[in-house]
Amino acid sequence: MAIRKSNKLAQTAVIKQIMKRCSSLGKKQSYDEQGGLPLDVPRGHFVVYVGENRSRYIVPISFLTRPEFQTLLHQAEEEFGFAHDMGLTIPCEEVVFQSLTSILR
């Protein structure tokens, strides 16, 4: 039980770190006055960059709780970390990412 609780706390910490990081993205973009997010990112969503060309995708925050998406987040953390200016980059081919997100919707 303690291992599960510890793992759950670690996942929560990672998700909070991602959300904090995502909320500060897009410094050169227009922001709304209330939430501080880029205007093209709807409430309840965040931006990720995927693939060799770093294509930009806007995905629902609800994806963060899905095990399939958490696997991508762990890969992103291992490969890129979360401390870079471009934003949350997912180390995944675009076709694979599009396939996964279409299943999660």
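In helix H2, the buried residues are Phe69, Gln70, Leu72, Leu73 and Ala76. Viewed down the axis of H2, these buried residues fall within an arc of 155°, so they line one face of the helix. The face of H2 turned away from the buried side carries Pro67, Glu78 and Glu79, which are exposed. These assignments, like those below, come from a predicted model.

H2 consists of 13 residues, and the distance from its first C-alpha to its last is 18 Å, close to the 18 Å expected at 1.5 Å a residue. Just after the helix, Gly81 adopts a positive phi of about 75°.

The strands form an open sheet of three, in the order S2-S1-S3 and with mixed pairing. Strand S2 (55-60) and strand S3 (88-90) are the edge strands, each pairing on one side only. From one strand to the next, the twist averages 40°. Helix H2 (residues 67-79) packs on this sheet, where it touches S1, S2 and S3. The direction of H2 makes about 105° with that of S3. A further helix, H3 (residues 94-104), lies across S1, S2 and S3 and runs at about 15° to S2.

Strands of a sheet pair through backbone hydrogen bonds, in either a parallel or an antiparallel sense. Both senses occur here, as the sheet has mixed pairing. S1 and S2 run antiparallel and are joined by six bridges. Strand S1 (residues 45-50) pairs with S3 in the parallel sense, over three bridges.

For Val50, the bridge partner in S3 is Ile90. The hairpin of S1 and S2 has four residues between the strands, and in this hairpin Gly51 takes a positive phi near 85°.

The burial of S1 was also examined. Five of the six residues of S1 are buried, and the strand is thus mostly covered. In the strand order S2-S1-S3, S1 stands between S2 and S3, and both H2 and H3 are placed against the three strands.

Technical notes
Residues numbered from 1 in each chain as written. Predicted model: local features only at pLDDT ≥ 70, side-chain atom pairs only at ≥ 80, totals over all residues. Heavy atoms only, no water. Pairing = 2+ DSSP bridges. Helix = DSSP H or I, 4+ residues; strand = E, 2+ residues; numbered from the N terminus. Axes fitted to C-alpha atoms, helices over the stretch in contact; angles between N-to-C directions. Contact = heavy atoms within 4.5 Å. Buried < 20%, exposed > 50% of the residue type's maximum accessible area, 1.4 Å probe, protein only. Expected span 1.5 Å × (residues − 1). Arc of directions from axis to C-beta.
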